[in-house]
Amino acid sequence: MKVFGLSCSARRLGNTAAAVSTALNHLKKKNVETELIYLIDYDIKPCKNCNMECYYDKECPTPDDSKKLANLLEKCDGLIVGSPLYNGTIPALLAAFLERNPYPYDEILKGKVTAAIIIGSMGETTAASILTSWLAPNKYFVGWIDIDPRATTARNPKLKDSWLKGNITRDEYNQKKSGRVSRKSL
Ligand SMILES: Cc1cc2nc3c(=O)[nH]c(=O)nc-3n(C[C@H](O)[C@H](O)[C@H](O)COP(=O)(O)O)c2cc1C
């Protein structure tokens, strides 16, 4: 059994990667093989100058790493997607990847266990509906959770500015919350 975590933040060592790692660590303790993947490691371009070639099984006019990442995701049994909120929605890089992966690539996760962790406090329902529409159809969708970086500071004054430093998972409540997606899924 192999579960991938996909961190969709622009920051490698931010709250998103930390929250997804926490979830993966819960699974590791159950002897599940895990791997953390960073979306920023892939060259993903938005759809451009296209004639809907992918719908007709033709070569895409904008070559990039989308297919490479889609092929990698196909190899997992479960996927936990971590997305921060940027301007009230998912990051542009993730939006680009989802744009680049319409039919037939959305088949890659068919029948797999999926879950999402959203980091932020403004726009989580927008992000949740986008992630749900990607992760839920034809999949065993565990659900999504939201971790609010500002609430961390209110709850734990020692973690002042933690969201800026990428430290929100130092808070016990956030660790439990991100562990919940993995505990529910397996
Ligand atoms: C460009 C940008 C836009 C942001 N917009 C929002 C927003 O609309 N809502 C929100 O709750 N947080 C917003 N944030 C805060 C991030 O969600 C928060 O800093 C999060 O920790 C970023 O993820 P990371 O720590 O993995 O980098 C924004 C941050 C950036 C960099």
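This is a predicted model: local features need pLDDT of at least 70, side-chain atom pairs count only at pLDDT 80 or more; totals for chains, interfaces and linings use all residues.
Figure 1. The buried residues of α4 are E124, A127, L131 and L135. Seen down the axis of α4, these buried residues fall within an arc of 65 degrees and therefore line one face of the helix. An α-helix has 3.6 residues a turn, so residues three or four places apart point the same way. The face of α4 turned away from the buried side carries the exposed residues T125, S129 and S133. Helix α4 comprises twelve residues, 124-135. From its first C-alpha to its last, α4 reaches 16 Å, close to the 16 Å expected at 1.5 Å a residue. The buried residues of α4 pack against the elements β3 (78-84), β4 (113-119) and β5 (140-147).

**Figure 2. The largest nonpolar core.** This core has 39 residues, and those with the most contacts inside it are I80, V81, A116 and I117. The elements that give two or more residues to the core are β1 (2-7), α1 (15-28), β3, α3 (92-99), β4, α4 and β5. The largest share, seven residues, comes from α1. Leaving aside residues up to four places away in sequence, A116 touches V81, S83, L131, L135 and W144.

Figure 3. S182 counts as buried because it has 28 C-beta neighbours inside 10 Å, the threshold for burial being 20 or more. S182 and Y55 are 127 residues apart in sequence and 34 Å apart in space, C-alpha to C-alpha.

**Figure 4. Residues around the ligand.** Of the 18 residues around the ligand, those that come nearest are S9, G14, T16, P84 and G120. By class, the shell has seven nonpolar, ten polar and one charged residues.

**Figure 5. Positive phi at N31 and at N49.** N31, a residue other than glycine, has a positive phi near 60 degrees. N31 is placed in the loop between α1 and β2 (33-38). With 7 C-beta neighbours inside 10 Å, N31 counts as exposed. N49, which is not a glycine either, has a positive phi of about 50 degrees. The loop between β2 and α2 (66-73) holds N49. N49 counts as exposed because it has 6 C-beta neighbours inside 10 Å, the limit for exposure being 12 or fewer.

Methods. Residues are numbered from 1 along each chain as its sequence is written. A residue is near a molecule or strand if its C-beta atom, placed from the backbone, lies within 6 Å of it. Ala, Val, Leu, Ile, Met, Phe, Trp, Tyr, Cys and Pro count as nonpolar, Asp, Glu, Lys and Arg as charged, and the others, Gly among them, as polar. Helices (H or I, at least four residues) and strands (E, at least two) are DSSP runs, numbered from the N terminus. The expected span of a helix is 1.5 Å times one less than its number of residues. The arc is that of the directions from the helix axis to the C-beta atoms. Two residues are in contact if their C-beta atoms, placed from the backbone, lie within 7 Å. A nonpolar core is a set of buried Ala, Val, Leu, Ile, Met, Phe, Trp, Tyr and Cys residues joined through C-beta atoms within 7 Å.
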